[in-house]
Amino acid sequence: MQTGMHLDREHCVRAVQSKDARFDGWFFTAVLTTRIYCRPSCPVVPPKAENMTFHPSAAACQQAGFRACKRCRPDTSPGSPEWNRRADLVARAMRLIADGIVDREGVPGLAARLGYSTRQVERQLLAELGAGPLALARAQRAQTARLLVETSTLPMAEIAFAAGFSSIRAFNDTVREVFALSPSELRARAPRSGPGTPGVLTLRLPFRAPLHPSNLFGHLAATAVPGVEEWRDGAYRRTLRLPYGHGIAALAPRPGHIACRLTLSDLRDLTVAISRCRRLLDLDADPVAVDERLRTDPLLAPLVDRAPGRRVPRTVDEAEFAVRAVLGQQVSTAAARTHAARLVTAHGTPLDDPEGGLTHLFPDPGALAAVDPGKLAMPRTRRTTFTTLVRRLADGDLHLGVEADWAEARARLLALPGFGPWTVDVIAMRALGDPDAFLPTDLGIRRAAKELGLPSTPAALTARAAGWRPWRAYAVQYLWATDDHPINHLPA
């Protein structure tokens, strides 16, 4: 779907009348007669076309005086794919807002991270989304509050502050305005469950179908760093470094959703933890649009048809992934895991795991920058690459987070010693989230290309891949899948 589809009334009406779930999160339908807003796939009888109006965000609906539908729960739609396929000001701002930056640092903090004035940020968001950063953050707080109300037994006062509200009154007023129910009524309507464990929340992460979980979870399990990640009982588990504390996420594929269990030391981190888990699993992607483009290449089409809906495994910590990419240069997956596990044991932050399998947070750049280079068991040139990277990350000279400008980050990475195109592009693909990152020099990609009859030299393959843009990172996943390697299969 193209940017700004919410402005194309004819397409929006057709999507609502066909109850097409693919468009959930792309736009929202506000009904003038009922003053309710819905997702396009709402199961109720569609309103008359003349009674529909369309908005690009839930926040815009709320600002216009509409409340959320109780049937389709539009606040739980997958996020718009736009914010993960673009690197402009609005997309970067939306990724930061999803990461909770407005609640922690305010709008001035958001603007400072983006390198623009507060006024510029507000003007751009209003122009494209119909709501400013405060309204967007408020809509997100309302969604977090609803999750806590329905999935925990916490007192309402604790929920209010955990969701980011400054007062109980603001919490109550927002919940009533957005959902047309009081917090107590929301809890009464939620399915009954047994008493939960303090600090542990169980929820569902929605996505757009289709989703092929094998490459996602198989890759994460095959590259898991002992102590930080593990595959256990059908779920990928890992530790999370969060703004207010730490957490453990357990993620498992289920029909129609990802089962997510979060153990948090501070519930104020709920919004951030959910955002990072969704980003890790690329759950806001539009697989139909991706696969349609890749199918235009007749040699790639059979791979897509065989297992549609592949996602790009990403990361919950961009600095961590960059460090691990350097550790994995010119060594096997097993060797890279061993190097990373040694760093974790020596320099990671210990934590307690109630289930016993996880032991540490991955060390942050500051801790790694303080490591004596002479104690690093790696070749001298890679040691220089490693120490330069962690120093740049620790000093703030290199930004790889959700606010990063992709072109600038690539240029800064390429300027570091030991960073060639392969390392930069794998970081762009997995850490920065660039959906068009491509790895023409990767041996697995070249082997797959040759097997399929595609050009196998980097220059020729890059030229052929021009037709796959802007989804070349997804093409990489399909090409890697031609290699019968454990990384492409779910663990037993």
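This briefing walks through selected strands, helices, loops and a cavity of one structure.

The model is predicted, and local features are reported where pLDDT is at least 70, side-chain atom pairs count only at pLDDT 80 or more, and totals for chains, interfaces and linings use all residues. Residues are numbered from 1 along each chain as its sequence is written, and side-chain values use heavy atoms, with hydrogens and water left out. Helices (H or I, at least four residues) and strands (E, at least two) are DSSP runs, numbered from the N terminus.

- Strands of a sheet pair through backbone hydrogen bonds, either parallel or antiparallel; two strands are said to pair here if DSSP finds at least two bridges between them.
- Strand 6 (residues 229-232) pairs with strand 7 in the antiparallel sense over 4 bridges, and R232 has A235 in strand 7 as its bridge partner.
- These two strands, strand 6 and strand 7, form a hairpin with 2 residues between them, and D233 in the turn has a positive phi of about 50°.
- Strand 7 is joined to strand 8 by a hairpin through 4 residues, and strand 7 and strand 8 (residues 246-254) pair in the antiparallel sense over 6 bridges.
- Within this pairing, Y236 stands opposite L251 in strand 8, while T239 has I248 in strand 8 as its bridge partner.
- Strand 8 also runs antiparallel to strand 9 (residues 257-264), to which 8 bridges join it, and here L251 stands opposite C260 in strand 9.
- The hairpin of strand 8 and strand 9 has 2 residues between the strands, and G256 in the turn takes a positive phi of about 85°.
- Strand 7 is mostly covered, with 6 of its 7 residues buried, where buried means under 20% relative accessible area, exposed means over 50%, and partly exposed lies in between (1.4 Å probe, protein chains only).

**The second largest cavity**

- A search of the whole structure finds 2 cavities of 30 Å³ or more; a cavity is a set of points, on a 1 Å grid over the protein atoms alone, where a 1.4 Å probe fits but cannot get out.
- The second largest cavity has a volume of about 70 Å³, a volume being the space filled by probe spheres set on the points, with grid points joined across faces, edges and corners.
- Its lining consists of R238, T239, L240, R241, R276, V316, D317, E320, L361 and F362, since lining residues are those that have an atom within 4 Å of a point.
- Strand 7 (residues 235-241) supplies the largest share of this lining, with 4 residues.
- The lining residues divide into 4 nonpolar, 1 polar and 5 charged, where Ala, Val, Leu, Ile, Met, Phe, Trp, Tyr, Cys and Pro count as nonpolar, Asp, Glu, Lys and Arg as charged, and the others, Gly among them, as polar.

- Helix 20 (residues 421-432) is largely enclosed by the rest of the structure, because 10 of its 12 residues are buried.
- The buried residues of helix 20 pack against helix 11 (213-222), helix 12 (270-280), helix 15 (318-327), helix 19 (406-414) and helix 23 (472-480), with contact meaning heavy atoms within 4.5 Å.
- Just after helix 20, G433 takes a positive phi of about 85°.
- T441 lies in the loop between helix 20 and helix 21 (443-452), and T441 is partly exposed, with a relative accessible area of 39%.
- Not counting residues up to four places away in sequence, T441 touches W422, R446 and P458.

- An open sheet of 4 strands has the order 3-1-2-4, with mixed pairing, and its edge strands, strand 3 (52-55) and strand 4 (67-68), each pair on one side only.
- Strand 2 (residues 36-38) and strand 4 run parallel and are joined by 2 bridges, and the bridge partner of I36 in strand 4 is R67.

**The loop at G164**

- G164 lies in the loop between helix 8 (156-162) and helix 9 (168-179), and at 33% relative accessibility G164 counts as partly exposed.
- Leaving aside neighbours within four places in sequence, G164 is in contact with D103 and R141.
- G164 and T271 are 107 residues apart in sequence and 9.3 Å apart in space, C-alpha to C-alpha.

Definitions and conventions:
On a 1 Å grid over the protein atoms alone, a cavity is a set of points where a 1.4 Å probe fits but cannot get out, and a pocket is an open set with protein on both sides within 12 Å along at least five of seven lines; lining residues have an atom within 4 Å of a point.
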